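Work through the following exercises with the sequence and the 3D view side by side. Try each task before you read its solution.

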Amino acid sequence: MFQGLNFPPLDLPPECEEIRQEIRAFLAEEKARGNAGNIEAMARYTPEYSQRLGQAGFIGLTWPKQYGGHERTALERYVVTEEMLSAGAPTGCHWIADRQSGPLLLKYGTEEQRQKILPGIAAGELYFCIGMSEPNSGSDLAGAQTRATKTDGGWLLNGTKLWTSGAHVCHYMVALVRTSPLDPENRHAGFSQMLIDLSSDGIEINPVINLSGEHHFNEEVFTDCFVPDDCVIGEIGDGWNQVMSELGYERSGPERFLSTFQLFAELVEAVGDNPTDHEAQVIGRLSSQLITLRQMSLSVAGMLGEAKVPVAESAIVKDLGTNYCKLVPEFSRTIIDTMPSQKSADLYAAKMASAILTVPSLTIQGGTREILRGMIARSLGMR
Ligand SMILES: Cc1cc2nc3c(=O)[nH]c(=O)nc-3n(C[C@H](O)[C@H](O)[C@H](O)COP(=O)(O)OP(=O)(O)OC[C@H]3O[C@@H](n4cnc5c(N)ncnc54)[C@H](O)[C@@H]3O)c2cc1C
C-alpha cells in the first residue's frame, strides 16, 4: 500500500542563531588561516583545524558533558555543520568520528570504551573511519567476508576493506566483520562490529588514488590482526542491526547538498549585482533548489531528533541533494565557461575542476542512487 512522504516544516529555535554567530566568528578566523573554500570539505584533512574546532567546543556538541560533549541540541549541531560546510572548512579529520562513530559508541559502546574514546574525539584529536565496504561487497554489504576468529583474549581479523575514507589519517576504524560463517538463509546474521586501533600489527593500509589524483580513500588488508575482547562494540552477532542504525546518521545531513556550494558561491560572486536574464534564471533555479533541499534536510533532522525513523525521507534528501551537487557545475558552465584546472589561480576555474572531478563519487558513497531508490520504493510500499 502506498504510504506517502512526510516532511513536516521546521523553524530553527533562537538558540540556533546564537551558535550560528559563534561558529561564524570561528570560521572567519580559520578563513584568515586559509582553512576555507574547499569543494567537498569532508574530504579535506587538516588536523590543526579539527583540534582548534574541538578546543572551541564544536565537536561532540550533543554528547553528555561527562564524555567531553557539550549537551547542545541536534539542531544546534545542524547549524554548526551547515556553516562549516558552506564555508568549505576542512572537516575531514573529525567528520566521521563526530557524525557517527561517537554516537555509535554512545549507543552501543561499553562505559570503558566511551570514557577512553569520546573525550579524544570531542577534543578533535581522535579520528575514525568506516570499515564496511570490501572488494566484492559495497551495495551488497551483507556479502562482506572479513572474518574475526575467536582466540585467547580476543579475535584474529583476516580480510580486506576497501574505499575507506581517511584511513591513512585516522586512529580507529569501526569495522563490520563476520564472527560466524555465512548462513545463506539469513545473510544478515553472524556480523559484529569492532573497534580497530589502526596502529595494530597485522594491518596494511594502501592508498587508492581518486579521480582528482588525490589520496582520499584506502584499502586495508588484515592478516591475523589481534583485536582484544574489550574492543567488541555492542553484542557479538548484532552487527547488522548496529550498522543499519549507524547508516541512519549518514544520509540526510547538509553534506548531501553542500558539496559543491563553494562553486555556486564563486559563481554568484563572479556574476555580481547586475545579472543578465539567463544568469538570474540559473542562479534563481540553483538557489530555490538549495533552499528546498535545506528545508527537507532540516525536516528530517527534526524527525531524527524525535527518535523517528524517516527512511524514505532521508534517502530522498541524499538522492536529490547529491544530484543537485552535480547540477551546480553543469548549470554554472552555461554562464561562465572557463577551462577547468585544479591548478588555476582563477578560483572559479579551480573550483569548477574540483567540482567536476568530485561529483561522480557523491551519488555512490553512502549508498548508490539505485540502492536508495529501491529503499524509497520499499518504504512507500511500492515494492
Ligand atoms: C568517495 C567515496 C567514499 C567512500 N567511503 C567509504 C568509507 O569510508 N567506508 C566504506 O565502507 N565504504 C566507502 N565507500 C564505498 C561505497 O559505500 C561503495 O562504493 C558503495 O556502497 C557502492 O558499492 P560498490 O562500489 O561495491 O559498487 P556495486 O555495489 O558493485 O555497484 C555497482 C553498480 O551497480 C548498482 N547496483 C548494485 N546493486 C544493485 C541492486 N540491487 N539494484 C540496482 N542496482 C544495483 C549500483 O547502484 C552501482 O551503480 C566510499 C565510496 C566513495 C565513492
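The exercises below concern a predicted model, and each is followed by a worked solution.

**Exercise 1. The surroundings of the ligand**

Find which residues come nearest to the ligand, and state which parts of the chain supply the shell around the ligand.

Solution. Next, sort the shell by class, which gives 6 nonpolar, 8 polar and 1 charged residues. Then turn to the secondary structure, where β3 (154-165) and α11 (369-379) each supply at least two residues of the shell, and β3 gives the most, with 3 residues. Finally, look at the domains: domain 2 (130-237) and domain 3 (251-379) each contribute at least three residues to the shell around the ligand.

**Exercise 2. Polar atoms and cover**

Determine how far polar side-chain atoms of T368 and E370 lie from an oxygen atom of the ligand, and how much of the ligand the protein buries.

Solution. Take T368 to start with: one of its polar side-chain atoms lies 2.6 Å from a ligand oxygen atom. For E370, a polar side-chain atom is likewise 2.6 Å from an oxygen atom of the ligand. A nitrogen atom of the ligand can be examined as well, and it is 2.8 Å from an N or O atom in the side chain of S165.

**Exercise 3. A strand and its partners**

Decide whether strand β5 (residues 191-197) is mostly covered or mostly open, and describe how β5 pairs with β4 and with β8.

Solution. Counting buried residues, those under 20% relative accessible area, shows that β5 is mostly covered, with 6 of its 7 residues buried. On pairing, strand β4 (residues 172-178) runs antiparallel to β5 and is joined to it by 7 bridges; V174, for example, has L195 in β5 as its bridge partner. Strand β8 (residues 232-233) also pairs with β5 in the antiparallel sense, over 2 bridges, and here the bridge partner of Q193 is I233.

**Exercise 4. Positive phi angles**

Locate D224 and A307 in the chain, and decide for each whether it is exposed or partly exposed.

Solution. Recall that most residues other than glycine have a negative phi. D224, although not a glycine, has a positive phi of about 45°; D224 lies in strand β7 (residues 215-228) and is partly exposed, at 48% relative accessible area. A307 has a positive phi near 60° and is found in the loop between α8 (277-305) and α9 (311-332). Because its relative accessibility is 64%, A307 counts as exposed.

Note on methods. Residues numbered from 1 in each chain as written. Predicted model: local features only at pLDDT ≥ 70, side-chain atom pairs only at ≥ 80, totals over all residues. Heavy atoms only, no water. Near = heavy atom within 4 Å. Polar contact = N/O pair within 3.5 Å; in protein donor to acceptor, adjacent residues only side chain to side chain. Areas by Shrake-Rupley, 256 points an atom, 1.4 Å probe, with all protein chains shown as cover. Helix = DSSP H or I, 4+ residues; strand = E, 2+ residues; numbered from the N terminus. Nonpolar A, V, L, I, M, F, W, Y, C, P; charged D, E, K, R; others polar. Domains from an automatic or database assignment. Buried < 20%, exposed > 50% of the residue type's maximum accessible area, 1.4 Å probe, protein only. Pairing = 2+ DSSP bridges.
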